[in-house]
Amino acid sequence: MGRQPGFFDLEERYAELSKAGDPLEKLLRVVSFEAFRYRLDKALNRSDRARGGRPPHDAVLMFKILVLQALYNLSDDQAEFMINDRLTFKRFLGLGLADKAPDAKTIWLFRETLTEANAIEKLFAVFDAKLKEGGYLAMSGQIIDATIVAAPRQRNDDDEKQAIREGRIPDGWEETPHKLAQKDRDARWTLKRARAKTPKAEGAKGVEIAIPIFGYKNHISTDRRHGFIRRWAVSSAAEHDSRRFREVLDSGNTGADVWADTAYRSRKNEEFMAKRGLRSKVHFRRAPGKPLSQAHAKANAARSKVRSAVEHVFACQKGPMALFVRTIGIARAKTKIGMANLVYNMRRLVWWDGRTAPA
C-alpha cells in the first residue's frame with residue numbers, strides 16, 4: 001500500500017512547480033485579488049448568514065475561478081475537473097490538497113449573478129484604477145480596433161432568421177422553452193475578409209476570400225505607452241466597427257493622438273476628435289475608383305507601425321487564451337469578453353513586472 005503524501009511532500013512539489021516558473025504564482029504575486037472583494041460582494045448582494053444555511057463560497061475564490069477560465073478557455077465542467085486535478089490551480093485558489101472545487105453549477109451561478117448585476121465593467125474599472133495607482137497611466141495616445149469573437153453557430157431556417165432580424169421570437173420557440181434557452185438571438189453572422197494562401201511566386205498575392213463567422217465583436221482602446229486595454233464594448237459581429245468609436249475612446253489618455261484603421265474614418269468621427277482636441281491618426285481611405293495619393297499612402301504606412309500593436313491583444317486572446325463565447329445572449333457574452341479583457345490586462349501587468357524587476 002502506497003504512502004499518503006505528507007505536508008513536506010506537498011511543499012516539495014510546490015517548490016518544484018515554483019522553480020519551473022508557475023505562471024499562476026506570478027499572477028498571484030503581481031495582482032491584488034482582494035481589491036475586487038468590495039465590488040464582488042456588492043454585485044452578489046449577500047445577506048448575513050445569521051439565520052443559518054450553508055455558507056457561500058468565498059467571492060474572491062470564485063472570481064479567481066473565472067480568471068482561470070479566461071486564461072485557459074475552460075468550460076464550467078472543465079474548470080471543476082482541472083481545479084481538482086492540478087496543484088497549480090489549487091495553490092492559485094488557496095485550496096488544500098483535500099479541498100474540493102466548487103462544482104460546475106456553482107461556477108455557472110456565480111457568473112450568472114455577476115452578469116445580472118452588470119458587474120464586469122465595475123470589476124474592470126477596479127483593476128484599471130490599480131494600474132494607475134501603480135504608475136501605469138494611459139499615455140502617448142490610444143489605438144482603437146475591434147475583432148470578431150466566435151460563438152456556436154445557430155442553425156435556423158429562413159423564417160426564423162427573418163424573425164430574429166426583426167427582433168421577434170420565431171413562431172413555436174416560446175412553446176419549447178428548452179429550445180428557446182439554447183438559441184442565441186443576439187449574435188449575428190458577418191464576413192471576415194482574408195487572403196488565401198497560394199503557391200509561392202514572385203509578385204504573387206493571395207486571393208481574397210470572405211469567411212462567414214457567427215458571434216460578437218470586442219471593441220477596444222489600448223494606450224500606446226503600456227499596451228493595456230483601457231476602454232471596451234461588446235456588440236454583435238454584424239455591427240460596424242465605427243459604431244462604438246465614441247464609446248471606447250478614452251478621454252483619460254494623456255496623449256492626443258488616436259490611431260485606427262480605415263473603418264473608423266468618417267467626417268463625424270474626425271469632427272468629434274477635433275472638438276475634443278484630439279489628433280486623428282486614422283488611416284486614410286482610398287476614394288472609389290481612384291488610387292491612394294502618395295502622401296496618404298506614406299502616412300498610412302507610418303500609422304500602421306503604431307496601430308499594429310493592438311493586434312498583440314487579439315493574438316493573445318485568440319491564441320493562448322482561445323477566446324470563444326459558449327454562452328447565450330449578449331449580456332453573458334459581455335461578461336465573457338469583459339473577463340477576457342480584464343485577464344489580458346493582468347497578463348500584461350505580469351509582463352511589465354518582469355521587465356522592471358531587478359536582475
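Predicted model: local features only at pLDDT ≥ 70, side-chain atom pairs only at ≥ 80, totals over all residues.
Residues are numbered from 1 along each chain as its sequence is written, and side-chain values use heavy atoms, with hydrogens and water left out.

Let me begin with the rings. The structure holds twelve aromatic pairs, where rings of Phe, Tyr and Trp (its six-membered ring) pair if their centres lie within 6.5 Å, and planes under 30 degrees apart count as stacked, over 60 as edge-to-face and the rest as tilted. One of them joins phenylalanine 33 and phenylalanine 36, whose ring centres are 6.3 Å apart with planes at 40°, so this pair is tilted. Both phenylalanine 33 and phenylalanine 36 are buried, meaning under 20% relative accessible area, against over 50% for exposed and in between for partly exposed, with a 1.4 Å probe and protein chains only. Tryptophan 351 and tryptophan 352 have ring centres 5.2 Å apart and planes at 80°, so they pair edge-to-face; tryptophan 351 is partly exposed at 39% relative accessibility, whereas tryptophan 352 is buried at 8%.

Returning to the phenylalanines, ring pairs link Phe33, Phe36, Phe63, Phe92 and Phe127 into a cluster.

Phe63 also brings us to the helices, since it belongs to the H4 side of the contact (heavy atoms within 4.5 Å) with H3. Helices here are DSSP runs (H or I, at least four residues), numbered from the N terminus.

Key. Helix = DSSP H or I, 4+ residues; strand = E, 2+ residues; numbered from the N terminus.
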